[in-house]
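Subject: Structure handover

Hello,

Please find the structure below. My notes on it follow.

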Amino acid sequence: MARPHRDAFHLPARDSSVSEARSRVLDRLRGWHVDEESCADAQLLMSELFTNAVRHTDSNKISCELWVIGVRLRLEVTDEGGGCEHICPDCADGTPEGDSDGESGRGLLLVSVLADDWGIRPGHPAGQNGQGVTGHAVWAELECDRTFD
């Protein structure tokens, strides 16, 4: 069995960082011998998760993590919170609560189609005393094939 891999990075919370996040994911996955189809799906997932964090929160930075363990690939994007909308993980179509036309929920709909599983969990502990939580982490998992030359 192949050894597990993990990468973590932080980028400024702005639209221009999306391509940097996609590029980082592609570089790491290729280095870990993940097949091209899984690399493409992971790049698209990262793009959607990162874009949602930028658009729907008041974050200054976005934290990203990437794991490959065996044939499982997991992406996680954590924001700093403070957004105007709350994303509803139980909504069947993946739309954020309060979004009547579904325009901004299309990214999460795409995530639900590409990923085998996805969800939302509380983000980072708030403040020095650790009371409360700021932001949230949105994660997605999919199966990947590994190619070893």
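How many disulfides does the structure hold? It holds 0 disulfides, a disulfide being a pair of cysteine sulfur atoms within 2.5 Å. Cys144 is in no disulfide, and the nearest cysteine sulfur, that of Cys39, is 8.5 Å away. Cys144 counts as buried because its relative accessibility is 1%; buried means under 20% relative accessible area, exposed over 50% and partly exposed in between, with a 1.4 Å probe and protein chains only. Cys64 is buried too, with a relative accessible area of 1%.

This is a predicted model, in which local features need pLDDT of at least 70 and side-chain atom pairs count only at pLDDT 80 or more, while totals for chains, interfaces and linings use all residues. Residues are numbered from 1 along each chain as its sequence is written, and side-chain values use heavy atoms, with hydrogens and water left out.

Overall, the chain has 3 helices and 5 strands (DSSP runs numbered from the N terminus: helices are H or I with at least four residues, strands are E with at least two). Their order along the sequence is β-α-α-β-β-α-β-β. Of the 149 residues in the chain, 47% are buried. Among contacts in the chain with a separation of 6 or more, 62% come from residues 24 or more positions apart, where contact means heavy atoms within 4.5 Å.

On the helices: the axes of α1 (residues 17-31) and α2 (residues 36-56) come within 9 Å and cross at roughly 150 degrees. Axes here are lines fitted to C-alpha atoms, for helices over the stretch in contact, and angles run from 0 to 180 degrees between N-to-C directions. The two helices, α1 and α2, are therefore roughly antiparallel (angles over 145 degrees). Residues making the contact include Ala21, Val25 and Leu29 of α1 and Cys39, Leu44 and Phe50 of α2.

On the strands: β2 (residues 61-69) and β3 run antiparallel and are joined by 7 bridges; two strands pair if DSSP finds at least two bridges between them. Ile69 has Arg72 in β3 as its bridge partner. The hairpin of β2 and β3 has 2 residues between the strands, and Gly70 takes a positive phi near 65 degrees there. In β3 (residues 72-78), 6 of the 7 residues are buried.

Lastly, Ser112 lies in helix α3 (residues 106-114). With 29% relative accessibility, Ser112 counts as partly exposed.

Regards

Definitions and conventions. Parallel < 35°, antiparallel > 145°, perpendicular 65-115°, else oblique.
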